[in-house]
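Reader: Could you walk me through a few contacts and charged pairs in this model?

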Amino acid sequence: MDKIGIVGGVPLKGEISIAGAKNAALKLMVAALLSDRPLVLENMPGVADVIALTHVLEELGVVVTIDPDMPSRMTLDAAVIASTTAPYDLVRKMRASVLVLGPLLARCGKATVSLPGGCAIGTRPVDLHIMGLEAMGSTIRLEDGYLLGEAPHGLKGADITFPQISVGATEHVMMAAVLAKGTTVLRNAAQEPEIVDLADCLNAMGAEIEGAGEAVIRIRGVEGLNGGRHRVLPDRIETGTYVMAAAATDGEIELLDTTTDYLGDAMGALEAAGVAVTPTNRGILATRANGRLSAVDITTRPYPGFATDLQAQFMALMATATGESRIQENIFENRFMHVPELMRMGADVQVHGGTAIVNGVERLHGAQVMATDLRASVCLVVAGLAAEGETVVNRVYHLDRGYERLVDKLGACGAKIERLAG
Ligand code: EPZ
């Protein structure tokens, strides 16, 4: 298993191009199932999760081609759905593959999709996905770890209130509703920018979706969709991650092809911590506003709240900030696995249930640490960049899932970082 070696203490200076958002790209790929005409996606990120989902879609008969001259351009042609079964050995590699269930029900009237199973940060149930699809007239039963869905007469519009906000369930039911008979209303819908991006793409293909990005989304079902062309929005989590890397190392990085628009409450938290995030004509400039960083309390919430996907990275920043910060993780039940690893580097963190109390220390010190999930991994990279001495992050396959060319991007900003074959 590959590792990443870092010699920290070098202020990062330079520029980093931000890729298309992984958590938008994956759903946009699934959306291709809804049409028998090709969908062209631009600004696709070169990450392992996209490759894993490509394999699932190809298993279903989708023809996926990458432009050899422009690898960030992907064409998906679902003219023929050769199979409605998404097998366990493919789905388990990328949980969001479960979202093919709704589009297959909408397009083909049946589907057999493996339950994705949990992951390091939580059990990741899909009960809200199932609730929404059943409300639209499908029957879904669990058999041998597979969801067996049927909608022989197609899906019908429904008025659905989610008992709790779920990004995936909102996207899943929104996609299925595009081809349902009648109108579907989603209440207590997630409002993430990636949902707006998905709705924009579907509308460009001929769907009739209103209200994406708000708490109530209305989808008027249509007979069928055309093809389309859509540019994936910038990855706000990659953006926030590199902003924090710049601040943690007291450097200055210009992040290209991105914006501060989608950072939600993280913007305020960063500014309060003493991080200057300034729009430029190419993107944004990230530096410390003045010298040391200050401790800031955060609570993760659905968008526009502080993104749970930035919590671990922010903790790495708070590890050497002046004062005590309280970090409340409200979205996932097990998203503090980076804490024991940060403590190996000298961080002072105490966890009480869903709250971590971080007392800033003068310096972190490099150590051997273990990556456990995607965002915990990058938290350890940020900490290693700021720490004195050498850090080796083990099991970096987690990183490859969601960060395109991370070593190259940081190395180009002066980081002493290399990938070590494991
Ligand atoms: C998406 O996961 C993202 N993944 C996650 O990013 C992100 O952390 C999360 O949204 C929250 O923003 C992708 O988009 C591929 P949820 P998702 O449904 O859709 C519970 C990363 O690092 N829940 O909003 O799975 C669930 O257990 C990943 O890029 C149910 O109880 O998140 C969680 O506690 C990690 N039943 C909460 O809701 C359900 O049916 C929010 O989950 C669905 C969810």
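Reader: Leaving aside neighbours within four places in sequence, which residues is Ala 376 in contact with?

Author: Happy to start there, with a note that this is a predicted model, where local features need pLDDT of at least 70, side-chain atom pairs count only at pLDDT 80 or more, and totals for chains, interfaces and linings use all residues. Residues are numbered from 1 along each chain as its sequence is written, and side-chain values use heavy atoms, with hydrogens and water left out. Contact means heavy atoms within 4.5 Å. Beyond its neighbours within four places, Ala 376 touches Ala 312 and His 338.

Reader: Is Ala 376 buried or exposed?

Author: Buried means under 20% relative accessible area, exposed over 50%, and partly exposed in between (1.4 Å probe, protein chains only). Ala 376 has 2% relative accessibility, so this residue counts as buried.

Reader: How many salt bridges does the structure hold?

Author: Here a salt bridge is a side-chain nitrogen of Lys or Arg within 4 Å of a carboxyl oxygen of Asp or Glu. By that rule, the total is 22.

Reader: Which residue forms a salt bridge with Glu 254?

Author: The closest N and O atoms of this pair are 2.8 Å apart.

Reader: What is the N to O distance between Arg 292 and Glu 362?

Author: Arg 292 is partly exposed, at 36% relative accessible area, and Glu 362 is exposed, at 61%. Their side chains meet in a salt bridge, with an N to O distance of 3.9 Å.
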